[in-house]
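Welcome! Take a look at the sequence and the model, and then read on.

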Amino acid sequence: MITISSRFHADSLLTWLLRLTGAAAVLVLGGIIAVLLIQSAPFMLEHGSALWRNDWQPGQARYGMAAMIAGSIVVSVLALVIAGPVAVLLAAWLRYFAPSVRRPVLTLVELMAGIPSVVYGLWGMLVLVPWINRLAPPGASWLAASLVLALMILPLALLVTDTALGQLPARYLQAGQALSLSRVGMLRRVLLPQAGPAIVSGLVLQFGRALGETMAVLMVAGNVVRWPTSLFDPVRTLTANIAVEMAYATGDHRVALFASGLLLLLVTAVLLALSWRLRGERHEMA
Amino acid sequence: MRWPDRLAGVIGALLLLAVLVPMGLMLWSLLEQGAGVISVDFLLDDPRQAGRAGGIAALLVSTGWILAVCLLVAAPMGLGCALYLSEQVPAGTRRAQWLGGTLDMLAAVPSIVYGLFGYQFFAISLGLGFSILSGGLALALMVLPLMIRSAEQALRAVPFSYRQAGEALSISRWGWVRRILIPQAAPGIAVGIILSIGRALAETAVLLFTAGYVLRRPDSLLDSGRALSVHIYDLAMNVPGGMPRAAATGLVLVAILVILNLLVRRWLHPAQGAWQ
Amino acid sequence: MIKLPVLVMALLALAGCGTREDSLVITGSSTIAPLMTELAERYEETTGVQVDVQSGGSGRGISDTRQGLADFGMVSRALKAEEGDLTAHLIGRDGIAMIVNALNPVTRLNDAQIVAIYTGEQQSWSAFGGNDAAINVVHKADGRSTQELFLEHFGLSNDRVKPDMVIGENQQGIKAVAGDVNAIGYVSIGTAIYEADAGAPLRLLPLSGVPATLEQVDQGHYPLSRELNLVSQGELSDAASEFLAFITDPGQAGIYHDYYFLPVSR
């Protein structure tokens, strides 16, 4: 693009340096996958199927992660079920019903999005767990974890939805007005369906964030390895399991934890691909 | 106004409350527990009795060091990769898509996985042990995609006419990058750096098994050091009577993050900042 | 862009000349960690040698020592047969106590009752003359020596235990029980007495009728006592053996008593 000059050396050095840093990004991802694979491959080839059973007793060399996989899923699903509709409806309301408060609310929501997950967890321990404990002991539970996660993913879910609605062409609004639809009708029949794929794509990424969150869940879930049956029962997620046990795991136990890391990575990749597909292959971050 | 619209107005207001009330409660519970502890001494004293008494000075030092390592690696790497994307990879090509996909993936990787990687690679394989260096490097990898994306955005925002002007002057590529492109994009790059700092400060899971949680002022990059976020976790979970100081540390951390956020706003909307 | 390689090289140089010889890293048992932190501080004041202490469980102490991440591992139990590659250095003794909240009216439970609580056969305190409330069973995570010794003493296998909360550190167990009138847990005697002294509302229950006190552990009456060890792999470095000599010196016995452990040196 730029013509050759006398400073050829600096230029070719720059070209190479930039190429190197570009490669570095790919290398980081490759490195992460490689490390996880190298750590867990021998074990998975040998006892891969044992990982899917429902008995996690590292003390007795049993490494079935089914209950924790289920724990991760139910906790994140409930969080999304709580936060998703609130985020979508609130974003739509702010944009089409209360534009005057939209700016200040979004500013606040952006601040919320930056709050560390340990602080959400701390709030869960201080307020939520004692409150659920009075309702149905012990308190640290599936419900507590999902509520904390819901609050944690809500800000970004809201911002993503707001962006998706903002990208709709103004002519939709005009067409709706021309048809003299009520604003609710317009939203329901035109705007939300049009922005739907982009919104869902953003929510899928937030679901991934919930699945991958460690600290907030670890602090309020009770961390008992058990098939989740009641909202008030304690659960342990895959991420919390790594945080609880990695420090002292040895041998196959340690390998099993690396395998669960690999599983998390795989699920993240699948969710990301799903989010891309919904958005129509455009590689853009929320 | 028709009745569905009026109903929607009420529902929306209720939803807004449903978001604001828990948030208000969160701030209130932190203040209730922690406000009494916060003082100048809290910021200037080292923790005593596993953090139950004393302040957070040693943690501020550790956090600063970890952040410094993180930025020293992530900022140049991020800027380099962003330059590569904006200068050498034409948008829409296969390579751009692959790189973009890689970055999206890196951004989506759960932080505990960065922790696992950092623990295995930096702490064990490279022999750095539980140290500020291990923690900072693992954190650098985590914030890298954010850093790259925001720097790339800033670089791409530099008007095409500048590039044409550069070409007309037959300036070298290095000269163009150094004299025109980077200075022009500097505010945007600064925003990227601040956003990365915010993300790094908020992170805990990456640091548990890399930087470790020794509660003292580090003397070298090979010492373990506990970050503020890890301190909050440890006080809340593992220290009986640690809640007030956990909440106070949380308030300090949130205050820092809010200040960073305001800084970003000032950079992004300098016009607003002028009369504020 | 010239900055990048310079910075990377500077970082590597820093990493290269970091002096690890004059410092020690000790990780492991959360039972021993507070005591070791204090001993380390005192050692540092006397000799200037820096000692970093991190908790994480006995299993971590063993794992870190094997991987060379730690000079010593803190292990609050005797080494097992399959851990013969490590050397144990006995530094003290401790016991494991059942704890309930100080407001819980129940003051004693026999072994069968504790088994019934931990296996979920009894789920209400009313069965033991307590409040009509569900028992919040606090259990330790797998790989914690306190948990292994607890299971062994009560003849339980871990899959029979039906906990309501799984915790890692001793202090987390104390926090859980101190914060919930209906909780029951088990932790290091030393840690429990220390935290109760510091104001945590706890009650230590007698075990098989024997009060959970240091004297009982010392006289060999307490049924659930254990060794506190530092473990190492291979030859001890000079710095390591000097530290070991320092902390087992009778002059340091006072610190062990401050943390309610029995020093080996007497």
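## Domains of chain B

In chain B, the domain assignment gives domain 1 (1–34) and domain 2 (40–271); such bounds come from an automatic or database domain assignment. Between the C-alpha centres of domain 1 of chain B and domain 2 of chain B there are 32 Å. Their contact takes 4 residues from domain 1 of chain B and 6 residues from domain 2 of chain B, where two residues are in contact if their C-beta atoms, placed from the backbone, lie within 7 Å. The side of domain 1 of chain B that touches domain 2 of chain B has 2 nonpolar, 2 polar and no charged residues. For these classes, Ala, Val, Leu, Ile, Met, Phe, Trp, Tyr, Cys and Pro count as nonpolar, Asp, Glu, Lys and Arg as charged, and the others, Gly among them, as polar.

Before going further, a word on the model and its labels. This is a predicted model, in which local features need pLDDT of at least 70 and side-chain atom pairs count only at pLDDT 80 or more, while totals for chains, interfaces and linings use all residues. Residues are numbered from 1 along each chain as its sequence is written, and chains are lettered from A and ligands numbered from 1 in the order in which they are written.

## The make-up of chain B

Chain B has 12 helices and 2 strands. Helices (H or I, at least four residues) and strands (E, at least two) are DSSP runs, numbered from the N terminus.

The C-alpha trace of chain B spans about 70 × 70 × 35 Å along its principal axes. How many of the 276 residues of chain B count as buried? The share is 57%; a residue is buried if 20 or more other C-beta atoms lie within 10 Å of its own, with C-beta atoms placed from the backbone. Of the contacts in chain B with a separation of 6 or more, 74% are between residues 24 or more positions apart.

## Chain A at a glance

Chain A comes to 10 helices and 2 strands. From the N terminus on, its elements run α-β-β-α-α-α-α-α-α-α-α-α.

Along the principal axes, the C-alpha trace of chain A spans about 75 × 70 × 30 Å. There are 286 residues in chain A, and buried ones make up 51% of them. Counting contacts in chain A between residues at least 6 apart in sequence, 74% join residues at least 24 apart.

## Where chain A meets chain B

Here 70 residues of chain A are in contact with 77 residues of chain B. Which helix of chain A gives the largest share of the side that touches chain B? It is helix α1 (residues 8–47) of chain A, with 19 residues. By class, the side of chain A that touches chain B divides into 47 nonpolar, 18 polar and 5 charged residues.

The axes of helix α10 (residues 251–279) of chain A and helix α4 (residues 94–108) of chain B come within 10 Å and cross at roughly 125°. Axes are lines fitted to C-alpha atoms, for helices over the stretch in contact, and angles run from 0 to 180 degrees between N-to-C directions. α10(A) and α4(B) are therefore oblique to each other: angles under 35 degrees count as roughly parallel, over 145 as roughly antiparallel, 65 to 115 as roughly perpendicular and the rest as oblique. The contact is made by A:T268, A:A269 and A:L272 of α10(A) together with B:D104, B:M105 and B:A108 of α4(B). Sorted by class, the contact of α10(A) with α4(B) has 4 nonpolar, 1 polar and 1 charged residues.

## Where chain B meets chain C

On this side, 24 residues of chain B are in contact with 26 residues of chain C. α3 (57–88), α5 (111–125) and α10 (228–238) of chain B each supply at least two residues of the side that touches chain C. α3(B) gives the most, with 3 residues.

## Chain C and its domains

Chain C has 10 helices and 10 strands, and buried residues make up 48% of its 266 residues. Chain C is divided into domain 1 (23–93 + 227–263) and domain 2 (95–218). The C-alpha centres of domain 1 of chain C and domain 2 of chain C lie 26 Å apart.

Note on methods:
Buried ≥ 20, exposed ≤ 12 C-beta atoms within 10 Å, placed from the backbone.
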